[in-house]
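Let me put the structure up and then we'll walk through it together.

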Amino acid sequence: ALRAEQFVIAASPTAGVRLGPALIRLAASASVEFDQITRPIMSELSQTVGETVDLSVLKGNVAVFTDQVQGIHRLRAVSAIGETFPLHCTANGKAILSVLTDDKVARLLRSPMAKLTTNTITKPAELLKQIETCRRTGIAVDEEEHTEGISAVGTGFLDPMGRVIALSIPVPTTRYRKVHEKLATQLLAARVRILEALGESAV
C-alpha cells in the first residue's frame, strides 16, 4: 500500500525500500504551511514590540536564520537570511539547545567554544545552567555574548517535521535593558500561538 502511494520505493532491484517522492512532496508542503503560520505571528510580534524578530533552525552544529521581520527603530539589529550563528553564545542557539536531549547537547558542546566578546560563556557547566533555566522558563538570553552592543531573547520548540526551531528578538543593548521583560513575555505568547496553530501543546 505504501509503495502504491509512492511513500516508499525500492532501494535496489533485490531488496529494501527507501522514502518515496510522495513523502518528499508532503514534507515540502508542510514546510510551506509552517512558514504561512509563523510569518503573520512574527509580523504581529514585531509590530507589538517594535523590534526585529528572527526565525532559526538547527543545521548541524549551528543555528541558521530562515526568516526575519525587521523592527521599526532606526537603530535595530538585522542579520541576513541564511546567516549562521553559534549555539553557545546566542539567544536562538541556546533556545535550540534547550529543546534537545542532554546527550545531544553534550555532543554539540564537545567542541571548543569561541569567546567572541568578554561576556561569552565558554565553560560547559555554566552554559548548561543557562540551558536548564531556559527549559524552565522558556526563555534564553544573549547579553552581548555574541556581538558587543547587541542583546537578545529567544525561545525554542519543535515543528511538525521534528525540526528544532528558535524564535528570537535581537535588540541594541541600550534598549534591551529597559524592555527585556516585555520582550520575553511577548515572545512566549507568540510561541504559544504558533504551537496552537500547529496543533501542538505549548508545554
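Predicted model: local features only at pLDDT ≥ 70, side-chain atom pairs only at ≥ 80, totals over all residues.

So, to start: what percentage of the residues in the protein chain is buried? Buried residues make up 41% of the 203 residues.

Let's do the layout. The chain has five helices and eight strands. If you read along the sequence, you get β-β-α-β-β-β-α-α-α-β-β-β-α. On contacts: take those between residues at least 6 apart in sequence, and 52% of them join residues at least 24 apart.

Now the sheet. Six strands make up an open sheet, and the order across it is E5-E4-E3-E8-E7-E6, with antiparallel pairing. At the edges you have strand E5, residues 84-86, and strand E6, residues 140-143. Each of those has a single partner strand, so one side of each is left without a neighbour in the sheet.

Let me zoom in on the E6 end. E6 and E7 run antiparallel and are joined by four bridges. One you can find on screen is Ala140, whose bridge partner in E7 is Gly154.

Next, what lies across the sheet? Helix H2 lies across E3, E4, E5, E6, E7 and E8, and runs at about 25 degrees to E7. Helix H5, residues 173-197, lies across E6, E7 and E8, at about 15 degrees to E7.

The largest pocket has a volume of about 250 Å³. It's lined by 17 residues, and the closest to its centre are Ser79, Phe85, His146, Ile150 and Pro170. Where does the lining come from? H2 (91-99), E7 (150-158) and E8 (164-172) each supply at least two residues, and E7 gives the largest share, with three.

You'll find Lys123 in the loop between helix H3 (102-108) and helix H4 (124-137). Is Lys123 buried or exposed? Exposed: its relative accessible area is 58%, and the cut-off for calling a residue exposed is over 50%. If you want a distance to check in your viewer, Lys123 and Met113 are 10 residues apart in sequence, and their C-alpha atoms sit 8.2 Å apart in space.

Notes. Residues numbered from 1 in each chain as written. Heavy atoms only, no water. 1 Å grid on protein atoms, 1.4 Å probe; cavity = no way out; pocket = protein on both sides within 12 Å on 5 of 7 lines; lining within 4 Å. Points joined across faces, edges and corners; volume = space filled by probe spheres on them. Buried < 20%, exposed > 50% of the residue type's maximum accessible area, 1.4 Å probe, protein only. Pairing = 2+ DSSP bridges. Contact = heavy atoms within 4.5 Å. Axes fitted to C-alpha atoms, helices over the stretch in contact; angles between N-to-C directions.
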